[in-house]
Amino acid sequence: MFNDAPHRIPLSRTAAVLGLLITLSAACDPADGESSATDTEAGGDETQGMGEGGARITVTVDDGTVYELTDVTSCDTSVTNPSGFPLSNGYDLAGSTADGAFGLTAIRAGLDEENAVSSGAVEGDFDENGLNSKMVYRFDQDALTLFVDGANVAGTVGSDAIAPTRPHGDHAVFTIDARCE
């Protein structure tokens, strides 16, 4: 997924970021005038959590399939990057398996709990160029129970299959264990 085209951003990640930006924009007080989306993004070290220090993410599907994500491109929490995630349970996870065949994106961010946004998906079954996933499971926000514990994120999430191949059924449940270190 990410290995063949490091400059490509997966569609699910783009949608997650767009949704987050829309929510953050709506949550900002126009009277502030000084505040902008770049203020929120500029505070953190962009290289933090980018696979350095042995960050790993394990995704276990309810059918017993286990995916080890070793190409971790983002692994930040409200503890590892407090200026980027002011929520006590904020996180940004993204990565893929070593062969690029399976990828995950998950984010929970916002300015406060009332306006927090969660989004995520798992993707796979890419074409020969590592693009155009045919397996996409988007996370069900009502069944999202990922929690931050220091530099770690763990929990489960239900999903809906939205792509033609559905190797884990129509409504897979994923258990995520991220060690951001």
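Nine strands form an open sheet in the order 2-1-9-8-7-6-5-4-3, with antiparallel pairing. Two strands count as paired if DSSP finds at least two bridges between them. The edges are strand 2 (66–69) and strand 3 (71–77), each pairing on one side only. From one strand to the next, the twist averages 20°. That angle is taken between N-to-C directions of axes, which are lines fitted to C-alpha atoms, and runs from 0 to 180 degrees.

This is a predicted model: local features need pLDDT of at least 70, side-chain atom pairs count only at pLDDT 80 or more, and totals for chains, interfaces and linings use all residues. Residues are numbered from 1 along each chain as its sequence is written, and side-chain values use heavy atoms, with hydrogens and water left out.

The protein has two helices and nine strands. Both kinds of element are DSSP runs, numbered from the N terminus: helices are H or I with at least four residues, strands are E with at least two. The elements run α-α-β-β-β-β-β-β-β-β-β from the N terminus on.

Now look inside the sheet. Strand 7 (residues 135–149) and strand 8 run antiparallel, joined by nine bridges.

Ser159 is buried, at 4% relative accessible area. Buried means under 20%, exposed over 50%, and partly exposed in between, using a 1.4 Å probe and protein chains only. The side chain of Ser159 reaches the backbone oxygen of Ala172 at 2.7 Å. Contact here means heavy atoms within 4.5 Å.

Where does the disulfide sit? It joins Cys75 and Cys180, with sulfur atoms 2.0 Å apart. Cys75 lies in strand 3, and Cys180 in the segment after strand 9 (173–179), so the pair links distant parts of the chain, 105 residues apart. The cut-off for a disulfide is a pair of cysteine sulfur atoms within 2.5 Å. By this rule the count is one. The link of Cys75 and Cys180 is left-handed, with -75° about the S-S bond. Cys75 is buried, at 1% relative accessible area. Cys180 is buried too, at 2%.

Finally, the whole chain. Of the 181 residues, 43% are buried. Among contacts with a separation of 6 or more, 52% are between residues 24 or more positions apart.

Note on methods
A polar contact is a pair of N or O atoms within 3.5 Å; within protein, one must be able to donate a hydrogen and the other to accept it, and residues adjacent in sequence count only if both atoms are side-chain atoms.
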